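Here is a short briefing on one protein structure. Take a look at the model, then work through the points below.

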Amino acid sequence: MTVRPYILAETTWKTVREMAYDVAVLPWGATEAHNYHLPCGTDNVECDYIAAEAAGLAWDAGARVAVLPIVPSGVQTGQLDIPFCLNLNPSTQAAVLGDLARSLEGQGVRKLVILNGHGGNDFRAMIRELQPRLKLFLCVANWYQVVPPKDYFEDLGDHAGEMETSIMLHIAPALVRPLSEAGEGKARRFSIPALREGWAWAPRRWTQVSTDTGVGNPAAGTPEKGERYAAVVIERLSRFLIDLAAADPDHLYGEDNTRTIRP
Ligand SMILES: [Zn+2]
């Protein structure tokens, strides 16, 4: 095994001490049921992989990026009645994020990217509250939104469907059960139009939404689709890490283009 200097868990104190890291990446996943064919650690496997690969590309381009160990539990308040969906409340996540960010602050790293891998996690409000109290620059990206999946997959269900199945078949095929064992990922939608249309929002009660815990049909998932999609996500994310590593967090804005310039 080759030690990857951009993966903190594989790196010694001697390397850390001598390296001036510009960006830390904190993958944040979840432990939850993923239909009958994907493991409960799916979000963590995916998020860890995407973070490591993107950081590797950025590293090769000269950006000094360190991927921190993943936080493996997320918000599961809509799945508490499903065994081994392990919930961290948003307020707990805010406390964990605050402690980790305050640790990094003053240690030389000036920027932290949370790479989120679970739809129930929402770090934006936490960042809004935490940022004014920290010198460390905070931002978040959901890896599954880095590149819109609509050009790569037919079924756009958002949980254990074609996209996640394809990604897992590509990066961890040994953990994927035969697709013949998977449920169809049929999801019931809200009966009230405003909630169904999405402009009014409430968290989904999972056991009322889906019988097999999936949302989206995994049947058309293939490792080739997963490989294609992962590659574009990793490439685009690595570009962001390179840009952020080179940026001064106190000067992140370009020219004012809000006014129309008339001849
Ligand atoms: Zn997932």
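This model is predicted. Start where two helices meet: E162, M163, S166, I167, L169 and H170 in α5 are in contact with P223, K225, G226, E227, Y229 and A230 in α8.

**Helix α5 and its neighbours**

- Helix α8 covers residues 223-246, and its axis lies 7 Å from that of α5.
- The two helices pack at an angle of about 95°. An angle of 65 to 115 degrees counts as roughly perpendicular, so α5 and α8 are roughly perpendicular to each other.
- Nine of the ten residues of α5 are buried, so this helix is largely enclosed by the rest of the structure.
- The buried residues are E162, M163, E164, T165, S166, I167, M168, L169 and I171.
- What do the buried residues of α5 pack against? They pack against α2 and α8.

**The zinc site**

- Which residues supply the protein donors of the zinc ion? They are H34, through NE2, D43, through OD, and E164, which is listed with two OE donors.
- These donors lie 1.9 to 2.7 Å from the zinc ion.
- Along the sequence, the donor residues follow the spacing H-x8-D-x120-E.
- D43 sits in helix α2 (residues 42-60), while E164 sits in helix α5 (residues 162-171). They are 121 residues apart, so this pair links distant parts of the chain.
- Both D43 and E164 are buried.
- Why is the arrangement irregular? The angles between the four donor atoms run from 52 to 146°.

**Cysteines**

- A disulfide is a covalent bond between the sulfur atoms of two cysteines.
- How many disulfides does the model contain? The count is zero.
- C40 is in no disulfide. Its nearest cysteine sulfur belongs to C85 and is 6.8 Å away. The cut-off for a disulfide is 2.5 Å.
- C40 is partly exposed, with a relative accessible area of 35%.
- C139 is in no disulfide either. The nearest cysteine sulfur, in C47, is 13 Å away.
- C139 counts as buried, at 12% relative accessibility.

- Most residues other than glycine have a negative phi.
- F84 is not a glycine, yet its phi is positive, at about 65°.
- F84 lies in the loop between β2 and α3. Is it buried or exposed? F84 counts as exposed, at 65% relative accessibility.
- A160 is not a glycine either, and its phi is positive, at about 60°.
- A160 lies in the loop between β4 (137-142) and α5. A160 is buried, with a relative accessible area of 0%.

**Exposed loop residues and distances**

- L80 is in the loop between β2 (65-67) and α3 (90-104). L80 is exposed, with a relative accessible area of 56%.
- L80 and E227 are 147 residues apart in sequence. Their C-alpha atoms are 33 Å apart in space.
- A219 is in the loop between α7 (206-209) and α8. A219 counts as exposed, at 57% relative accessibility.
- A219 and L179 are 40 residues apart along the chain, and 6.5 Å separates their C-alpha atoms.

Definitions and conventions. Residues numbered from 1 in each chain as written. Predicted model: local features only at pLDDT ≥ 70, side-chain atom pairs only at ≥ 80, totals over all residues. Heavy atoms only, no water. Buried < 20%, exposed > 50% of the residue type's maximum accessible area, 1.4 Å probe, protein only. Donors = N, O, S within 2.8 Å, 3.2 Å for Na, K, Ca; no water. Tetrahedral: all angles 85-135°; square planar, octahedral: opposite > 155°, others 65-115°. Helix = DSSP H or I, 4+ residues; strand = E, 2+ residues; numbered from the N terminus. Axes fitted to C-alpha atoms, helices over the stretch in contact; angles between N-to-C directions. Parallel < 35°, antiparallel > 145°, perpendicular 65-115°, else oblique. Contact = heavy atoms within 4.5 Å.
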